[in-house]
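Reader: I am new to this structure and would like to go through it with you. Could we begin with the helices and then turn to the domains and the sheet?

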Amino acid sequence: MRSNTFKILLLGAAFVGASAVTASAGTLDEIKAKGFVQCGVNGTGLAGFGAPDDAGNWKGLDVDACRAVAAAVFGDPSKVKFTGLSAKERFTALQSKEIDMLARNSTNTMSRDTQLGITFTGTNYYDGQGFMVKKSLGVSSAKDLNGASVCVQSGTTTELNLADYFKSNGMTFNAVVFEKQEEADAAYDSGRCDAYTTDASGLYSIRLKMTNPDDSLVLPEIISKEPLGPAVRQGDDQWESIVRWTHYAMLIAEEFGVTQANVDEMKTSENPEVQRLLGVGEGVDFGTPVGLSKEWAYNVIKGVGNYGESFERNVGEGSPLKIARGLNALWSKGGLQYAPPIR
Amino acid sequence: MTLRDKTADDSSRSWVRAVLYDATIRGWVFQGLVLIFLVLFSAWVIHNTAANLRAANIPFGFDFLNMRAGFDISQKPINYTLDSSHAQAFKVGLINTIILSALGIVFATIIGFVVGISRLSGNWLLARAATVYVETLRNVPLLLQLLFWYKAVLSVLPGPRQGYMLPFATNLSNRGLTMPRPIPGAGFDIVLWIVPVAVVLAWAVARWARRRQVATGQSFPVFRASLGLIIGLPLVVFLAIGAPLTFEYPELKGFNFVGGMVIHPELTAMLLGISLYTASFIAETVRAGILAVSTGQSEAAFSLGLRPSQTMRLIIVPQAMRVIIPPLTSQYLNLTKNSSLALAIGYPDLVAVFAGSTLNITGHAIEVIAITMAVYLALSLITAALMNWFNSRVALVER
């Protein structure tokens, strides 16, 4: 039996065998007791989002989301353990309490939010689905792909968007579906498919892995909305708030120019917004009511930096992917990243 | 008084003893206890699972099967569109698994018998080649072999525009083997009805030939006659009613061939991998079966004047089959279960379609995995039942 199916079985067995547990209230207490956050990330390795580097350290935007939560809880971004998950295993792993939070480039959709017993806490990357084709086909638009064979990974929103796009444009296609991303990559590379589809952020990193990256090009069309974000189990509002506000804290820090380097100096800032963020001043404590320390957000920024820093380091100019901020710029700079105020 | 008391005491004790040590009663009691335990245990498992799922806010049920699937499947033996339900996707996956397993069993059996007999051949080169084949293929993990064959199939074949043109408008490229699709015209169903008639006739001929041989000792070429009947009769009828069959030819339009039928490279790679792998085990089973028949049997057959082919068919094989069939059944079951490795190379079998796409889109992991396991169990039990029936047919009747 396939190891993945086996894992799913094991995870499923958790529901069968576990003595009846009350819902997931008290996640924070459990995490504090065991001393680390167990975080589910991309197990097949998606450069820029979740993948181990040459030294075996997990790196990526999603990985930073996990580390930031660990910093908020423990004041130490290294108190996190990672579980590499396939697309197929991710939600089951969260449901069965294998992991405390999921940050695995997962698209927030209504059915996932309402039918799986999980809740998405925000959007740490606004993505959209695109196509990559061989240049030799002479295709310049996704609208020219009628009749094409398309390689795609199974069990993703991508697989469904692909079908919707071709159907709504009155085109036919032949999907060649693989369980793992690498298998789909290899099949496209061998010429099994005319086109490859996944989230646009992934296309660029996958293109770099091809035998001849210059033979392929990414088409301009973005055919779907893919808000990627962390998720937690339903029913523990405190834990959900912590994960949600950790992301907001990183956004607010960027908005007010608080960086990993200057966070200590910023403690003396006169700006009341910054003071509330960093827990400076008498009676300024937004951490304790949610079970964290007064300096929770200071720890997040000290540990992983603000959102902009994390973005540039993992997927932006500081990374091989060189993805522009685009939709992921702050709202004040024409993007969609917007955090409610700490007040 | 004391004496009578003692007797009464003794008789009651011996009654208890009789009950305690009675094999039948004890058997019933223990079986009853085990049954009660099993029932309680399954009830606990079901109840506990339901309670835990409820506590985790995960809905449980099979309504998701009627929801729109919305994903494409590359190999669609039955009607399936993007608007079909998950139940329909399940059927497509199931049929794809059955196609793969059935073809795999046929090919593995043929290759296995050829290789198994070759290993016993007097020809040094042939026997050694068969040994190398068996030892190589059965000792390399199947998943690696599948990935190898898939890579091999894809890298050998050119793109659709540069594909090899073969006779009968067939084209071979890395998109698969594309060929014309037969479209039955009016009256073609008559031909299909003739086939079972021909089979019944062939059976009658075989029966008559056997009786005649028992009575007179004269033999009759039953195999050739049956083959002629089963193929020839429908063919004659087909031609007599004016060959009502047209073909839809595949055409190269845009990126791919449109129309016609296609065998995808995923199916080819799966069949290559799974048949060659299982054949290496079947070859050993066949060799063991033939070696289990003592040489005295063939010597006796020769001394009665039977020809070598008759000796093989009438004396050796029936006795060897007795040894071959039980392990052969296990190999068939293994092949069916191994076909679930298909998802590694993108062949849309039950595990890839249903326990892959459907599971992920609906999130009903427990239901989907339970259904999938039940299907493999059912497939295996059916295969085993058929093989057991066949075994009892060919089993040596001791007189």
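Reader: At what angle do helix α3 and helix α11 of chain B pack?

Author: Helix α3 (residues 86-119) of chain B and helix α11 (residues 350-362) of chain B pack at about 160 degrees, and their axes are 7 Å apart. Axes are lines fitted to C-alpha atoms, for helices over the stretch in contact, with angles from 0 to 180 degrees between N-to-C directions. Helices (H or I, at least four residues) and strands (E, at least two) are DSSP runs, numbered from the N terminus. The model is predicted: local features need pLDDT of at least 70 and side-chain atom pairs pLDDT 80 or more, while totals for chains, interfaces and linings use all residues. Residues are numbered from 1 along each chain as its sequence is written, and chains are lettered from A and ligands numbered from 1 in the order in which they are written.

Reader: Are α3(B) and α11(B) roughly parallel or roughly antiparallel?

Author: α3(B) and α11(B) are roughly antiparallel, a term for angles over 145 degrees.

Reader: Which residues make that contact?

Author: Among them are His86(B), Phe90(B) and Leu94(B) of α3(B), and Leu350(B), Phe354(B) and Thr358(B) of α11(B). Two residues are in contact if their C-beta atoms, placed from the backbone, lie within 7 Å.

Reader: Now the domains. How is chain A divided?

Author: Chain A has domain 1 (3-126 + 228-333) and domain 2 (129-224), with bounds from an automatic or database domain assignment. Their centres, taken over C-alpha atoms, are separated by 30 Å. In the contact between these domains, 15 residues of domain 1 of chain A meet 13 residues of domain 2 of chain A.

Reader: And how far apart are the domain centres in chain B?

Author: In chain B, 44 Å separate the centres of domain 1 and domain 2, again over C-alpha atoms. Domain 1 of chain B covers 2-55, and domain 2 covers 86-141 + 265-394.

Reader: What is the strand order in the open sheet of chain A?

Author: The five strands follow the order β10-β9-β11-β8-β12, with mixed pairing. Two strands pair if DSSP finds at least two bridges between them. β10 (173-178) and β12 (216-218) of chain A are edge strands with a single partner each, so one side of each lacks a neighbour in the sheet.

Reader: How many bridges join β9(A) to β10(A)?

Author: Six bridges join strand β9 (residues 148-153) of chain A to β10(A), and the two run parallel. Ala148(A) stands opposite Phe173(A) in β10(A).

Reader: Lastly, how many residues do chains A and B bring into contact?

Author: 47 residues of chain A are in contact with 46 residues of chain B. On the chain A side, elements giving two or more residues include α1 (3-17), β9 and β10.

Methods. Parallel < 35°, antiparallel > 145°, perpendicular 65-115°, else oblique.
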